[in-house]
Amino acid sequence: MSRPTGRVLTLLELLQSGGTRTVAELADRLGVEGRTVRRYVDHLIDLDVPVESVRGRYGGYRLAAGYRLPPLMFSEDEALAVLLGLVAGRRAGLTTTHRAASETASAKIRRVLPRHLARRLDTLLEALAFTDEPGDVDTPDAEILLTVADAVRHRRPVSIRYTDRDGRRSERTLHAYGIVAHAGRWYVTGEDPRAGEDRTFRLDRIADARALPGSFEAPSGPDPAQRVLSGFATAAYRHEVTVRIHGTVEQIRARLPAGIAHLEEHELAAGQDASAERWRRVELRVERLDWLPPVLASLDRPFVIERPDELRDLVAALADRLASCARLA
């Protein structure tokens with residue numbers, strides 16, 4: 001039989017698994033009497049672990065929210081999942097400005113891992129490779145992230161102080177629909193009620209956020225992720241490009257994803273297969289054109305450039321270079 005301290009920790013692990021546990025259930029799992037369970041609960045309360053007593057036919061004990069995080073009990077699979085999540089989040093840049101937080105959290109968990117599991121984790125991390133280098137991107141402040149998330153959850157307007165990519169600062173009100181993680185950055189999308197239009201903001205460029213009185217109704221239509229991608233595809237850049245491509249949606253999206261290009265969809269005629277190859281108009285707004293000819297070539301689909309003329313010249317120049325290289329002995 002394990003010592004009382006071990007049973008108290010086992011009790012904590014059982015309560016952390018969620019829900020309300022009856023005294024009889026806990027007594028059976030711990031191999032003790034009901035009054036001993038109550039004594040163990042008192043030990044946890046003395047350690048400031050927020051255990052609640054639930055009365056009634058289905059009563060018992062459960063964990064409540066406390067003023068600080070109680071000791072956590074992880075299984076081996078749970079500990080591995082948390083550590084891999086921290087590694088992946090740090091690698092993707094999806095952390096807060098308190099970057100040391102993920103490092104110290106990882107160190108705390110690894111310090112108490114059983115040796116055999118620590119060795120297996122080290123083996124995995126040594127074998128793990130990423131297809132791209134970790135991005136050096138700015139990350140949002142944790143308090144701002146949580147404030148905006150609360151505004152999204154409760155449909156409350158939020159006031160933000162924002163600095164755009166040109167360094168212009170402004171204070172505006174936002175009806176935030178959702179928070180989106182994309183390409184290593186955090187974004188919030190919503191309606192700017194003053195402009196009456198949807199806007200997408202990078203969370204790392206928000207210097208301050210505070211909830212305002214009132215509420216709003218979330219619109220129907222695309223979800224927040226789709227709104228962010230559509231916003232990228234239609235953002236104001238130097239060149240407006242329109243190309244007609246003959247292919248399926250999947251073939252086109254393989255090289256021109258939703259965050260880059262807007263794919264114009266028309267209503268299908270009766271009996272027409274939505275997945276069939278056909279001419280589709282693709283619109284892009286880009287700062288530079290030089291990367292587009294290789295992308296269009298990699299589609300390996302017929303295409304017609306509607307605008308701009310400069311893109312036609314670049315595609316023709318690429319074709320000439322490829323033809324010249326193909327003739328070399």
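How far does helix H3 (residues 34-46) reach from its first C-alpha to its last? In this predicted model, the 13 residues of H3 span 19 Å between those two atoms, close to the 18 Å expected at 1.5 Å a residue.

**Faces of helix H3**

Five positions of the helix are listed as buried, namely Thr36, Val37, Tyr40, Val41 and Leu44. These residues lie on the same side of H3, because the arc that they cover around the axis is only 145 degrees. An α-helix has 3.6 residues a turn, so residues placed three or four positions apart point the same way. On the other side of H3, Arg35 and Asp46 are exposed.

Just after the end of H3, Asp48 adopts a positive phi of about 65 degrees.

**The chain as a whole**

The chain has 329 residues, and 33% of them count as buried. When contacts between residues at least 6 apart in sequence are considered, 61% join residues at least 24 apart. The accessible surface of the chain amounts to about 20,500 Å², and carbon and sulfur atoms account for 51% of that area.

Conventions: Residues numbered from 1 in each chain as written. Predicted model: local features only at pLDDT ≥ 70, side-chain atom pairs only at ≥ 80, totals over all residues. Heavy atoms only, no water. Buried < 20%, exposed > 50% of the residue type's maximum accessible area, 1.4 Å probe, protein only. Contact = heavy atoms within 4.5 Å. Areas by Shrake-Rupley, 256 points an atom, 1.4 Å probe, with all protein chains shown as cover. Helix = DSSP H or I, 4+ residues; strand = E, 2+ residues; numbered from the N terminus. Expected span 1.5 Å × (residues − 1). Arc of directions from axis to C-beta.
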